[in-house]
Amino acid sequence: MSACAVHRTTSHSPQPFNMSGADDDACLIALWLDGKAENTKSNYRLDVEAFFAFTEGSIRATSLDDLVAFKSRLQTQGYAPSSIARRLAALKSLFTFAHKTGYLPYNVGAPLTPPPTPSFTLKKTLTRGEIAMMERAIYHASCPSVRDRNVLIIRTFYGLGLRASELVNLTWDDLREGQCIVENSKGGKTRTLHVHPTLWNELMAFRPERALPHHHVFRSTRASNGAWRLSRVQITRIVKKAAEAAGLDVAQAVSSGWLRHSHATHAIEVGAPLHELQAALGHASLATTGVYLHARQDRSTSDSLRCERFSLSCCF
């Protein structure tokens with residue numbers, strides 16, 4: 001129990017009309033999750049379960065002090081600021097929904113502030129050379145039966161800028177006439193991506209003769225609970241193994257997200273319009289995509305000025 005619990009008093013204010021129709025927390029949470037992407041549902045459930053395991057209480061019994069105490073516990077346990085912010089965002093979303101639907105008389109999560117998170121930096125991107133090294137390294141470090149698959153996983157992550165959840169759910173039916181249809185991505189949206197001809201040809205060459213449209217593109221060599229698709233954990237291991245085999249200094253930190261960041265960063269560097277990159281990455285807000293407009297640490301405006309001076313010198 002938190003330190004402020006002893007100071008709580010029972011509120012006698014009138015209860016708002018419960019528009020949700022939910023009789024208990026489980027019903028309200030189901031309504032809150034309705035319509036969200038499957039990966040979002042899974043993560044939100046884990047976040048909510050972790051919170052109520054900590055408080056041993058319910059939605060209506062939760063106070064702001066409970067939320068702050070949970071935040072402090074996560075910080076003490078060494079969670080990264082971004083991970084804490086994501087969990088708190090899920091809880092704030094739940095309590096906002098509970099208030100808007102009349103399940104709660106007030107939004108207990110509204111005043112909760114997440115910890116400051118570091119801004120996006122180039123440290124989470126890879127160079128084209130490093131990605132090529134990962135492709136070569138994972139080819140030689142993999143068993144012959146999965147070499148082509150593992151190389152294509154790296155290339156597809158980088159070539160299309162997919163999230164891990166999107167890649168593991170990719171089926172052959174999603175690949176149509178040089179395009180990749182990403183369904184039920186973050187936010188439950190669907191987007192269409194153009195696939196570079198080289199990557200497209202490699203994917204088509206990789207497709208087994210007996211593959212059916214609903215079969216997943218990247219499959220495991222062993223079925224798990226009747227499913228052959230690779231899990232997110234397996235995908236993460238393959239990417240990390242590629243970075244380690246390539247001897248990258250940042251290998252321990254590399255994840256599929258780095259390949260997605262690299263896709264976006266390199267696209268911006270070659271002049272891709274920001275609104276097109278927003279659509280390709282599936283961002284709801286252009287501001288989210290705008291983080292990739294960061295300055296390159298190995299260049300500055302003086303480089304442009306020197307180029308102009310050298311050009312002018314040719315006139316004399």
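The model is predicted.

The protein chain holds 13 helices and five strands. Of its 316 residues, 39% are buried. The accessible surface of the chain comes to about 18500 Å², and carbon and sulfur atoms account for 54% of that surface. Contacts between residues at least 6 apart in sequence can be sorted by separation: 62% of them join residues at least 24 apart.

Helix α6 covers residues 147–160 and helix α9 covers residues 232–245. Their axes come within 10 Å and cross at roughly 90°. Angles from 65 to 115 degrees count as roughly perpendicular, and α6 and α9 are therefore roughly perpendicular to each other. On the α6 side the contact is made by Arg149, Asn150, Ile153, Ile154 and Phe157; on the α9 side it is made by Ile235, Ile238, Val239 and Ala242. Seven residues of this contact are nonpolar, one is polar and one is charged.

The last stop is arginine 207, in the loop between α8 (197–206) and β4 (219–224). Its relative accessible area is 30%, so arginine 207 is partly exposed. Leaving aside residues up to four places away in sequence, arginine 207 touches Trp172, Leu212 and Pro213. Tryptophan 172 is 35 residues away along the chain, and the C-alpha atoms of arginine 207 and tryptophan 172 are separated by 8.1 Å. The side chain of arginine 207 also reaches the backbone oxygen of alanine 211, at 3.3 Å.

Notes. Residues are numbered from 1 along each chain as its sequence is written. This is a predicted model: local features need pLDDT of at least 70, side-chain atom pairs count only at pLDDT 80 or more; totals for chains, interfaces and linings use all residues. Side-chain values use heavy atoms; hydrogens and water are left out. Axes are lines fitted to C-alpha atoms, for helices over the stretch in contact, and angles run from 0 to 180 degrees between N-to-C directions. Helices (H or I, at least four residues) and strands (E, at least two) are DSSP runs, numbered from the N terminus. Angles under 35 degrees count as roughly parallel, over 145 as roughly antiparallel, 65 to 115 as roughly perpendicular and the rest as oblique. Contact means heavy atoms within 4.5 Å. Ala, Val, Leu, Ile, Met, Phe, Trp, Tyr, Cys and Pro count as nonpolar, Asp, Glu, Lys and Arg as charged, and the others, Gly among them, as polar. Buried means under 20% relative accessible area, exposed over 50%, partly exposed in between (1.4 Å probe, protein chains only). Accessible areas come from the Shrake-Rupley method with a 1.4 Å probe; for residues, only the protein chains shown count as cover. A polar contact is a pair of N or O atoms within 3.5 Å; within protein, one must be able to donate a hydrogen and the other to accept it, and residues adjacent in sequence count only if both atoms are side-chain atoms.
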